2 protein chains.
Amino acid sequence: MLQNIRVVLVNTSHPGNIGGAARAMKNMGLARLVLVQPKEFPAADASARASGADDVLENAQVVDSLEQALVGCNLVMGTSARERSIPWPLIGPRECGTKAVEHALAGEEIALVFGREHAGLTNEELQRCHFHVHIPSNPDFSSLNLAAAVQVLSYEVRMASLAVQGVAPKVEKADANELATMDEMELFYDHLEKTLVDIGFLDPAKPKHLMPRMRRLYGRSSVERTEMSILRGILTETQKVVRGEPHKRKD
Amino acid sequence: MLQNIRVVLVNTSHPGNIGGAARAMKNMGLARLVLVQPKEFPAADASARASGADDVLENAQVVDSLEQALVGCNLVMGTSARERSIPWPLIGPRECGTKAVEHALAGEEIALVFGREHAGLTNEELQRCHFHVHIPSNPDFSSLNLAAAVQVLSYEVRMASLAVQGVAPKVEKADANELATMDEMELFYDHLEKTLVDIGFLDPAKPKHLMPRMRRLYGRSSVERTEMSILRGILTETQKVVRGEPHKRKD
């Protein structure tokens, strides 16, 4: 589905940026790069910055005009740094990613268009776009590197594609471990309290708020079973020391 | 509020990446860069790639260890490319941005930690993080450039900060209790480790995954200062028992 999405770089000056863009794309699962009149390509700098995304560079299509780059496209979204005099549908990177994926799923061809390093896209080029995409940068310092801009939009495309596959990255694993049950927690608090009395830290006559505080701390930690058995093991060893029993360590 | 968020680069090899990271940060409104043993810095390449974000480079703090870089931090999130043997709370970039902003709004100090260009962060470094952040890249080609990774997380921080702007901070700390800082947590882990050795629970020759598991448990608990002093007090009393010193309890 991502193969329906092409990245178009217009009039790039620095071949290093082409390489950086290729690397960003490949990392995010995009492969189709179209270069409109690059100043210098192929170039050693491009390959160096591509760092393993050479296939994206090798398969890059070099064309003479934006029009050629957009042949067959149904949806064109172009990055725009500045407010334009002509109002145009303006979206953010997230919406750009969602639109790209939705349209790609519908079998359409999509282009993400990036302008020159310093001058961006011309008004004429921007008018070939269905949407302008503005990456919300710091108003006092808005000079995103070209490869960084490709990175942000490619990332949002990937996030949108993972979301439709139902595999959006969320908190994993940590939750996959079995948690101690409430009754195991109670046994732990009981054991902890006894041990704190044993070592002389808790005075049963003046317990203050010690145990409530410990309950609050461990209660909010979602203690896992394996962690619980470590904590219980520590308490057991501590009690052995109090009783003067020989402890495990052999030294 | 974004001034509470620092970007930490560990052992960066290529100064160009430091410059690229600085530029990415400044574009997204971040300013605090901390460099742990950079191979080469300051460097012409860094300034060239920073392209106007020279102030971020000039104000960058260079330190000798990750520990120093994290002094005063309440929340540490480190990028991780690989699946780890010890499961750790794993989040995506979007959640990372949201967490960073929520905690910054609550007045806390946050660090986003990035590893070496090829080797990433070591297991030990990753264990100093509360959360691991995985940028969901193409499984067949996962070699995000360092500056690109900084770009993605900084972008998500910016998106999250724009989302909350003008809105009252949603997540205040339930009770405005002060959290232990990273350096206080390190002193605790150190004390805990020594005590576990003292009571014979931890064999320094075969530590297994005991301390990483303890770091993971307490790391995700947002331990408060008052709780920390209780935990330290328990350890101190336990050590007294091991040394056969008379303990507090009068019975």
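**Figure 1. The loop around Pro42 in chain B.** Pro42(B) sits in the loop that links E2 and helix H2 (44-50) of chain B. In this predicted model, the peptide bond between Phe41(B) and Pro42(B) is cis, and omega is about 0 degrees. The other chain is worth a glance too: the bond from Phe41(A) to Pro42(A) is cis, with omega near -5 degrees. Pro42(A) belongs to the loop between E2 and helix H2 (44-50) of chain A. As a reminder when you check the geometry, most peptide bonds are trans.

Figure 2. Ser51(B) is found in the loop between H2 and helix H3 (54-58) of chain B. Although Ser51(B) is not a glycine, its phi is positive, at about 45 degrees. Ser51(B) has a relative accessibility of 31% and so counts as partly exposed. In chain A, Ser51(A) lies in the loop between H2 and helix H3 (54-58), and its phi is near 45 degrees. Ser51(A) is partly exposed, with a relative accessible area of 31%. For background, most residues other than glycine have a negative phi.

**Figure 3. The open sheet of chain B.** Seven strands of chain B pair in parallel, in the order E3-E2-E1-E6-E4-E7-E5. Strand E3 (61-63) and strand E5 (90-91) of chain B stand at the edges; each has a single partner strand, so one side of each lacks a neighbour in the sheet. Strands of a sheet pair through backbone hydrogen bonds. Follow E1 (residues 5-10) of chain B to E2 (residues 32-36) of chain B, and you will find five bridges joining the two parallel strands. Helix H1 (residues 15-27) of chain B lies across E1 and E2, running at about 160 degrees to E2(B). Helix H7 (residues 146-164) of chain B also packs on the sheet, where it touches E1, strand E4 (75-79), strand E6 (110-114) and strand E7 (131-133) of chain B. The direction of H7(B) makes about 155 degrees with that of E6(B).

**Figure 4. Strand E1 of chain B and its two partners.** Is E1(B) mostly covered or uncovered? Mostly covered: six of its six residues are buried. Ile5(B), Val7(B) and Leu9(B) point one way, while Arg6(B), Val8(B) and Val10(B) point the other way. Leu9(B) is a handy landmark, standing opposite Leu35(B) in E2(B) and opposite Phe114(B) in E6(B). E1(B) pairs with E6(B) in the parallel sense, over five bridges. From E1(B), the chain passes through H1(B) to E2(B) in a right-handed β-α-β crossover.

**Figure 5. Ala111 in strand E6 of chain B.** Ala111(B) lies in strand E6 of chain B and is buried, at 0% relative accessibility. Which residues does Ala111(B) touch, leaving out those up to four places away in sequence? They are Arg6(B), Val8(B), Leu70(B), Cys73(B), Leu75(B), Val76(B) and Met77(B). Asn74(B) is 37 residues from Ala111(B) in sequence, and 8.2 Å separate the two in space, C-alpha to C-alpha.

**Figure 6. Strand E1 of chain A.** Strand E1 (residues 5-10) of chain A is largely enclosed by the rest of the structure, because six of its six residues are buried. Both faces are covered, with Ile5(A), Val7(A) and Leu9(A) on one side and Arg6(A), Val8(A) and Val10(A) on the other. Five bridges tie E1(A) to the parallel strand E6 (residues 110-114) of chain A, and Arg6(A) has Ala111(A) as its bridge partner there. E1(A) also runs parallel to strand E2 (residues 32-36) of chain A, joined by five bridges. Within E2(A), Val36(A) is the bridge partner of Val10(A). The chain then crosses from E1(A) through helix H1 (residues 15-27) of chain A to E2(A), and this β-α-β crossover is right-handed.

**Figure 7. His191 in helix H8 of chain B.** His191(B) is part of helix H8 (residues 182-198) of chain B. With a relative accessible area of 11%, His191(B) is buried. Not counting residues up to four places away in sequence, His191(B) touches Arg232(B), Leu235(B), Thr236(B) and Gln239(B).

**Figure 8. Domains and confidence in chain A.** Chain A is divided into domain 1 (2-164) and domain 2 (174-242). The centres of these domains of chain A, taken over C-alpha atoms, are 55 Å apart. The mean pLDDT of chain A is 89, and 91% of its residues reach 70 or more. Over residues 168-175 of chain A, pLDDT stays under 50, and the model has 18 contacts beyond four places in sequence for this stretch. Where pLDDT is low, the predicted coordinates should not be read in detail.

Note on methods
Residues numbered from 1 in each chain as written. Chains lettered and ligands numbered in written order. Predicted model: local features only at pLDDT ≥ 70, side-chain atom pairs only at ≥ 80, totals over all residues. Heavy atoms only, no water. Pairing = 2+ DSSP bridges. Helix = DSSP H or I, 4+ residues; strand = E, 2+ residues; numbered from the N terminus. Contact = heavy atoms within 4.5 Å. Axes fitted to C-alpha atoms, helices over the stretch in contact; angles between N-to-C directions. Domains from an automatic or database assignment. Buried < 20%, exposed > 50% of the residue type's maximum accessible area, 1.4 Å probe, protein only. Right-handed = clockwise from strand over helix to strand, strands pointing away. pLDDT = per-residue confidence, 0-100.
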